[in-house]
Structures are given as structure tokens and as C-alpha cells.
Amino acid sequence: MSELRFDGRVALVTGAGGGLGREHALLLASRGAAVMVNDLGSPTMGGQEHDPSPAEAVVEQIRVAGGTAAANSDSVATRGGADSMVADTLKEFGQLDIVINNAGIIGNRTFLNINEYEFEPVIDVHVKGCFFVSRPAYEHMKSVGYGRIVNTSSGSGLFGSFGQSAYAAAKAAIYGFTRTLAIEGSRYGIHVNAIAPGALTRMTGDVLGDDGDIANATGLTGEDLIMQLGPQQVAPAVAYLAHESCLLNGETLSASGGRVGRAFMGVTKGIYEEDLSLESVARRIDEICNEDDYVVPDNVDQEMQLLLEHLHTGDT
Ligand code: NAI
């Protein structure tokens, strides 16, 4: 297969001053994209601190390697910040083809220990951040009939994670956001997909503490651990979703350590009863939950088809 390249494309990568975002930006730039490297320079748990130097350092790295990049340190969590980073990209490079919504913060508190002041910033950065950045970018993409948006979800949101009620709520919201933008955007040539990554970064370090558990589970230590579980093992899946040859739309790829899979929402065939009762749900709960022949609907209308099939066939 010939090398997949991004010559002539312009990408905005949020939260690209470190971790996963930096690797996404470096890979896209190394394959010919001009990259707007956004990063607020925020601590892992969020807060008021603001430091433009991480984004600037990544831009320098790209330029030294012969690539094209510019830095932006606005926050994705405000409409003004997001509008400004999209406007900066258009001003600097004249177009915007790819958005990687990657910026993120995390908390680490069990449900009874988290309050609204800790819950809300996580929603602001992840959910509102995706909304604020995607909106002006999508308008531009619609006007030119082409775009690729890659959002960042998480296994924590898709499958649940102890101590992460805010983060999981935000990341699950991004799954639904991705599905719906994909449905709406396809008529404009805009494909919207998501990544559910796993990588050793500042974020995992701050949440997990030292890497001892991972080292024990994988049998890897030091450089080998970073080589195997570093963010560079996720970036190729993100770059693929950002490429014009990628026909996926509304999908979520789960990627870590070199493994890439598809994460999806399915529904079991379930049961049908004309006069459903509480007792029949209780009696048939194993059938309801049976995953044989489960379905992965493309949209909510297809989910509704399951009922219509039952109604037409009378199948119980
Ligand atoms: P990281 O902490 O290394 O990088 C996140 C970056 O986002 C930081 O450079 C930070 O300054 C920036 N940022 C935070 N708030 C911002 C804002 N309001 N506006 C602009 N930039 C902002 O974390 P990591 O691990 O690289 O995470 C990247 C994304 O991947 C996040 O969305 C995270 O939730 C997600 N993720 C990471 C996983 C992992 O295993 N590392 C697992 C699942 C999801």
C-alpha cells in the first residue's frame, strides 16, 4: 500500500502540547499536513493555569523536522476560545480539513466525593469543548463539502471506570455526539469518528500514580513500557480516521499499545409481548439479556425496526 499522506490538508489538534495530542500532531505533520497545535497548558485536573509553551514546543519540533505548524493556546472549554482557534487556523493556513478533538482533563473521585464544582469542568472541557470547536469547523467544512472530525472518547465512558463518574459521563456523551454528527455530516462530505485510546501519558501517570500495576500486568518496564504503551501506538488509528480514504463514519476505534479494535453500541434481539407486564420482564430477563444475534443499529430508526419486525412477524 502506498503511504497515506495529508499533503495540502490542514489539521487543528486540540490539547496537542503533550501526550496523545502531540503524537497526533507530529504524525499528521510528518505526513504533510499543516497543523494548528492547540494547547491551553492546563494541569491534568484542570484549573486556571495557562501556559502557551507546550504548544509552542510542539510547533518547534514539527518545524525542525521540516513540517508546517502554528501554535494556539486558547481553551476549548469556552465558545470564544474555540471560535478563536478555528479563526486562527483559517487565518494562518486558509482552510481547515481535519479537527482532532483531543484536549482533556480528568478528576479522580468516587461518586459521593465529587461535587458540582469538580463535575462541571470535566463536562466543560470534553463535551462543551467538542461542541464549541466542532461547530465553527463544521460550518467551514460544510461550505467546502469536505471534512474529517475525530473526537476522543474513552473506555471509561463506554464501559465504566471506578472513580470516574464525571469523566465517564463526558466520554460517553462524546460517543453519542460523534454518532449524531456523523449522521448529519455525511451529506456534506464530513465524516465524524472517535477514538477510545489508552496510553501512558501525564494523565494516566497522575491518575494511576506510578506505573507499577501496568508493569506487573504487562511484564514491561522502563523504555520498553513506553515503547509499547506510549501515545505513538495510538496516533496511527487517529490519523487513519482523519484521512480522506477512510470511509468510516460514526465509528469508535479502541486503540492502545498497538491493538486496534472497534467499540460499538449494540442491542439484543430481546423479547416481544403484546401486553408486557412487570412479571414477564422478570421471568424472561435472561432472554432479554441474551447476546445471541445482537444488532448494532446505524441509528435510532434502525433500533425501532426491531420492534417493527416483532410486530410484523408476531415473533415473541
Ligand atoms: P494529557 O494530560 O497528557 O494531555 C491533555 C492535554 O490537553 C494537555 O496538554 C492539556 O494542557 C490540554 N488541555 C486541557 N484542557 C484544555 C483546554 N480547555 N483547552 C485546550 N487544551 C486543554 O492527557 P492525554 O492522556 O494525552 O489525553 C488526551 C485525550 O485522550 C484526553 O481527551 C483524554 O481524556 C483522552 N484519553 C486518554 C487516555 C489515556 O490512556 N491516556 C485514555 C482515554 C482517553
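Which residues are linked with Arg5 in a network of salt bridges? The network joins Glu3, Arg5, Asp7 and Arg31. A salt bridge here is a side-chain nitrogen of Lys or Arg within 4 Å of a carboxyl oxygen of Asp or Glu.

This is a predicted model, in which local features need pLDDT of at least 70 and side-chain atom pairs count only at pLDDT 80 or more, while totals for chains, interfaces and linings use all residues. Residues are numbered from 1 along each chain as its sequence is written, and side-chain values use heavy atoms, with hydrogens and water left out.

**Salt bridges**

Side chains of opposite charge can pair when their charged atoms come close. The count in this model comes to 14 salt bridges. The table gives some of them.

| Residue pair | N to O distance |
|---|---|
| Arg5 and Asp7 | 2.8 Å |
| Arg109 and Glu118 | 2.6 Å |
| Arg284 and Glu287 | 2.9 Å |

Residues are called buried under 20% relative accessible area, exposed over 50%, and partly exposed in between (1.4 Å probe, protein chains only). In the pair of Arg109 and Glu118, Arg109 is partly exposed at 39% and Glu118 is partly exposed at 26%. Arg5 is also partly exposed, with a value of 32%.

**Around the ligand**

Helices (H or I, at least four residues) and strands (E, at least two) are DSSP runs, numbered from the N terminus.

A backbone N or O atom of Asn102 lies 2.7 Å from a ligand oxygen atom, and for a backbone N or O atom of Gly104 the distance to a ligand oxygen atom is 3.5 Å. The side chain of Arg202 has an N or O atom 3.2 Å from an oxygen atom of the ligand. Taken alone, the ligand exposes 820 Å², and the protein buries 95% of that. Accessible areas come from the Shrake-Rupley method with a 1.4 Å probe; for residues, only the protein chains shown count as cover.

**Single residues**

His126 lies in helix H4 and is buried because its relative accessible area is 2%. Its side chain reaches the backbone oxygen of Ile105 at 2.7 Å.

Asp206 is in helix H7 and is partly exposed at 44%. The C-alpha atoms of Asp206 and Met45 are 8.7 Å apart, although the two residues are 161 residues apart along the chain.

Most residues other than glycine have a negative phi. Asp293 is not a glycine, yet has a positive phi of about 55°. Asp293 sits in the loop between helix H12 (285-289) and H13 and is exposed, at 61%.

Terms used
Polar contact = N/O pair within 3.5 Å; in protein donor to acceptor, adjacent residues only side chain to side chain.
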